[in-house]
Amino acid sequence: MNIRSLTRGDGVVIGAAVVLFIASFLNLTSTPSCSGQFCPSQSAPNAWDSLSLLMSMYLAGIIGAVLVVVGRSLPQPKTVAGLDLTQFGVAFTVFAAWTAFWTIIDAHGSGAGMILGLIAALVLAAAAVAAPLVAALKAPLMGTPSPAAAPQPYGYPGAAQPAGGYGYPGAAQQPYGAQPGDPSLGGHPGAQAQPFGAQAPAAAEPNKDSQAQPAAAAPAGDFAPFWFAVPVARPLYAEDGSPTPIAELAPGTWYLAVDQRGPGLVAQTQDGRRGVLQDTTGIQRG
């Protein structure tokens, strides 16, 4: 049985069947208002004291409700003598309502069990017949659960992104091999990033004579290691000049430049490998 296939009409059928079952325990006739020793002692029977009424009205309606609900919740309809269970159930509910109607007309002083049973039987038959026809009753009884949100992979648009990659200057973790406050690194990862080769602003404006003189090239022995990041992925070649890259530098990760090799830099990766970065265009210094 597929419980989620039940409709609001099936819910009304189930509710009416429960009320009909409760009504079978209530009084069928009303107690006469009489006082004194001459009043006959009468007991108020319920449906369980009358087998014919119990079977033709109360149990017929309950059995019909069960057949309707089971027949509509099965994935494949079950047929008996060419009719499915739902059609048998509708017939039982209509028969129960018809019996209740004529029984209460013929009764002399109907009790709570008869009145409530008639109302429940009429509602039960109406819901069983109208459930496949009325749009409000065809709506699902139980809402369809919404699918759980799948976790988004790292880098998916709209997903939460970390502030920076491994060793980012503003991140809490330190780049590979960095020592806080180490003056030999030519700056610390918390310093403002600037393009490789950019000149630091002068403390004071130089005079015209110093501008006319060409700047003396810094000797190679004065190279100070510094942290840098590449704008795009770039290959790192072996120091012996081999044309096969030994690693690839990824953007968003900071690497340590330990020496200068002509126009390129000798860089060290997080796992300790060293190689030559031949293309230094647009790299950012830490």
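This note comments on a predicted model of a protein.

1. Basis. The model is predicted, with local features requiring pLDDT of at least 70 and side-chain atom pairs counting only at pLDDT 80 or more, while totals for chains, interfaces and linings use all residues. Residues are numbered from 1 along each chain as its sequence is written, and side-chain values use heavy atoms, without hydrogens and water.

2. Confidence. The average pLDDT (the predictor's confidence in each residue, from 0 to 100) is 74, and 65% of the residues score at least 70.

3. Helix H3. This helix covers residues 85–106, and its 22 residues reach 32 Å from first to last C-alpha, close to the expected 32 Å (1.5 Å times one less than the number of residues). Its buried residues (under 20% relative accessible area, 1.4 Å probe, protein chains only; exposed is over 50%, partly exposed in between) include Leu-85, Val-90 and Ile-104. The buried residues of H3 pack against helices H2 (51–73) and H4 (112–130) and strands E1 (79–80) and E2 (83–84).

4. Strands. E4 (residues 226–229) and E7 (residues 255–261) run antiparallel, joined by 3 bridges (pairing requires at least two DSSP bridges); Phe-226 stands opposite Ala-257. E7 also pairs with E8 (residues 264–268) in the antiparallel sense, over 5 bridges. Within their hairpin, which has 2 residues between the strands, Gly-262 takes a positive phi near 65°.

Notes:
Helices (H or I, at least four residues) and strands (E, at least two) are DSSP runs, numbered from the N terminus. Contact means heavy atoms within 4.5 Å.
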